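Welcome! Please take a look at the sequence and the model below before reading on.

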Amino acid sequence: MEKKAASKIMLTLILMSLLTSTFNVPLIESELSESLEMEWNKTYGGTGYDSANSVVQTTDGGYALVGSTYSFGAGEDDIWLVKTDANGNMQWNKTYGGSSRDVGSSVLQTSDNGFILAGSTMSFGAWRIWLIKTDAHGNVQWNKTLRRSGSWVDLVDGERSVIQTSDGGYVVVGATISYDYSSIWLIKTDPNGNMQWSKTYEPYWTAHSIVQTIEGGYAFAGTDVMKGNALLVKTDSTGTMQWYKTYGGGKGEAAHSLVQTADGGYAFSGGTVSFGAGQHDVWLVKTDVNGNMQWSKTYGGAELDYGESLVRTSDGGYAIGCRQSSFGAGQSDFWLVKTDSAGSMQWNLTFGGTNEDYAFSLVLTADGGYALAGFTGSYGVGGADFWLIKLSGPKVLATVDIDPDVLNLRSKGQWITAYIQLPQQYDPEDIDATTILLNGTISPVLDPKCGFVTNSSDYLVDDNNDAILERMVKFDRATVESFITSQGISYGNVALTITGKLFDGTPFEGTDIISVFYGGAGGRRK
Ligand SMILES: [Ca+2]
Ligand SMILES: [Ca+2]
Ligand SMILES: [Ca+2]
Ligand SMILES: [Ca+2]
């Protein structure tokens with residue numbers, strides 16, 4: 001806990017007691033017609049404390065993660081940048097830092113395929129904001145420590161503390177602290193990191209997430225610490241405040257992650273104490289273009305639940321990368337919450353082991369899935385490691401009926417037939433037959449005369465003569481049988497899974513169980 005707090009610099013005065021719970025709840029609450037799967041997960045780190053604070057998907061389909069490492073580097077913690085391929089295999093990593101503490105908060109891939117890192121460093125005196133520009137291999141091209149004149153401490157705290165602006169420069173949002181209070185510090189640099197202007201705002205405000213708005217200004221979200229409320233600030237393109245709004249019941253609301261929505265409004269995720277099911281709950285707030293709250297939702301249970309990272313999804317909804325202690329495997333766990341466009345939860349997924357697992361950063365992936373990063377104390381080498389989880393995009397759950405139900409491996413029929421039925425909102429004619437596989441290996445026979453049904457008049461009918469909307473595909477029986485026997489199976493129940501894609505790219509999957517046996521004289525070839 002001490003190292004967590006040390007690594008993740010907390011500006012807010014909110015006390016977050018980390019009680020643990022061990023409720024056993026279902027890990028997946030999903031729409032019946034869709035499911036998500038963890039494709040892979042990877043840990044990165046040494047025996048020290050290593051925590052990823054920010055992840056992006058790179059243009060090559062891989063990932064870049066930044067955080068802090070106590071395992072490697074020049075002393076205390078260092079900023080650690082890890083680059084992986086599309087399957088999470090580390091390609092290279094770099095540390096940045098001096099003999100004292102250095103923490104990486106935010107990473108972005110820049111328009112030249114390099115990276116911009118925003119972090120905080122104490123290696124050059126007091127805490128200062130540290131902006132590092134690297135090439136595509138993590139080699140430093142320039143770096144700037146940013147200090148406001150007269151300040152005691154300047155730092156950033158948020159996975160989206162830096163953005164590249166349309167002019168090629170950067171805007172960083174952080175905090176500047178002098179005397180007894182902190183305020184938000186907004187800094188604009190040119191493409192080489194030279195400060196062009198900076199602004200401070202009201203005392204006791206913090207900000208963790210910034211966006212460049214549609215009309216070229218900026219919006220950032222955080223906390224009004226004195227009021228105990230979440231905060232949203234809108235500025236023009238020169239950082240001059242146009243308006244601000246606060247949200248909450250005053251017991252400890254905070255905005256941690258901000259997006260602009262398609263209607264020009266805003267949505268932020270964070271935590272609330274005033275509302276919800278107990279302690280902190282995850283909080284999602286939607287506002288109009290002027291910051292007026294349109295709705296808010298809480299998610300969570302009796303323990304500490306917190307919304308760290310918000311993204312808009314292609315269906316107009318939202319996904320929130322959270323950490324939660326109310327459900328799951330023990331202490332804190334990764335929690336991914338998906339909502340519709342009105343904030344109603346559609347599904348949620350929990351990941352983690354018996355120790356602390358904190359998700360800090362969520363991104364949508366190019367394949368329609370998700371990547372969620374943070375640290376795990378449950379897995380890895382030790383002392384907490386970077387943890388990256390890749391989830392596939394939504395998958396349509398199909399009903400598959402495979403014929404025959406009982407398969408005599410000595411019989412000589414010609415076909416195994418699969419009837420694929422999609423959920424009601426999908427049309428079976430959307431199935432792309434060329435992508436279908438049985439158990440990931442066997443392709444269907446695509447001759448329309450004996451395989452794929454192409455005409456709706458060929459659809460089967462049920463007892464009431466209603467058309468059953470199905471696609472029928474046929475597989476060569478000998479191929480399927482040799483696959484089954486190659487698994488060492490000659491008797492018993494076998495699961496056969498049909499996978500494929502719709503023409504829009506959405507994958508579908510369905511499984512049927514058939515019985516196989518080996519005996520008798522066998523049937524005749526049909
Ligand atoms: Ca260091
Ligand atoms: Ca809670
Ligand atoms: Ca856990
Ligand atoms: Ca470690």
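The report below goes from confidence to overall make-up, and then to some single elements.

This is a predicted model, in which local features need pLDDT of at least 70 and side-chain atom pairs count only at pLDDT 80 or more, while totals for chains, interfaces and linings use all residues. Residues are numbered from 1 along each chain as its sequence is written, and chains are lettered from A and ligands numbered from 1 in the order in which they are written.

**Confidence**

The pLDDT, the predictor's confidence in each residue from 0 to 100, averages 88 over the chain, and 88% of the residues score at least 70.

Where pLDDT is low, the predicted coordinates should not be read in detail.

**Overall make-up**

The chain has 2 helices and 41 strands, taken as DSSP runs (helices H or I, at least four residues; strands E, at least two) and numbered from the N terminus. Of its 526 residues, 44% are buried. Buried means 20 or more other C-beta atoms within 10 Å of a residue's own, exposed means 12 or fewer, and partly exposed is in between, with C-beta atoms placed from the backbone.

**Cores**

A nonpolar core is a set of buried Ala, Val, Leu, Ile, Met, Phe, Trp, Tyr and Cys residues joined through C-beta atoms within 7 Å. The largest one holds 94 residues, and Phe220 is among the members that touch the most others. Beyond four places in sequence, Phe220 touches residues including Val173, Ile184 and Leu258.

**Gly174**

Gly174 belongs to strand β14 (residues 170–178). Why does Gly174 count as buried? Because Gly174 has 32 C-beta neighbours inside 10 Å. Its contacts outside four places in sequence include Asp154, Ser161 and Trp185.

**Helix α2**

In helix α2 (residues 477–486), the buried residues are Arg477, Val480 and Glu481. They lie on the same side of α2 because they cover an arc of only 100 degrees around the axis, taken from the directions from the helix axis to the C-beta atoms. Ala478, Ser482 and Ser486 are exposed on the other side. The buried residues of α2 pack against β35 (415–421), β36 (431–438) and β39 (471–476). After α2 comes Gly488, with a positive phi near 80 degrees.

How values were computed. Contact = placed C-beta atoms within 7 Å.
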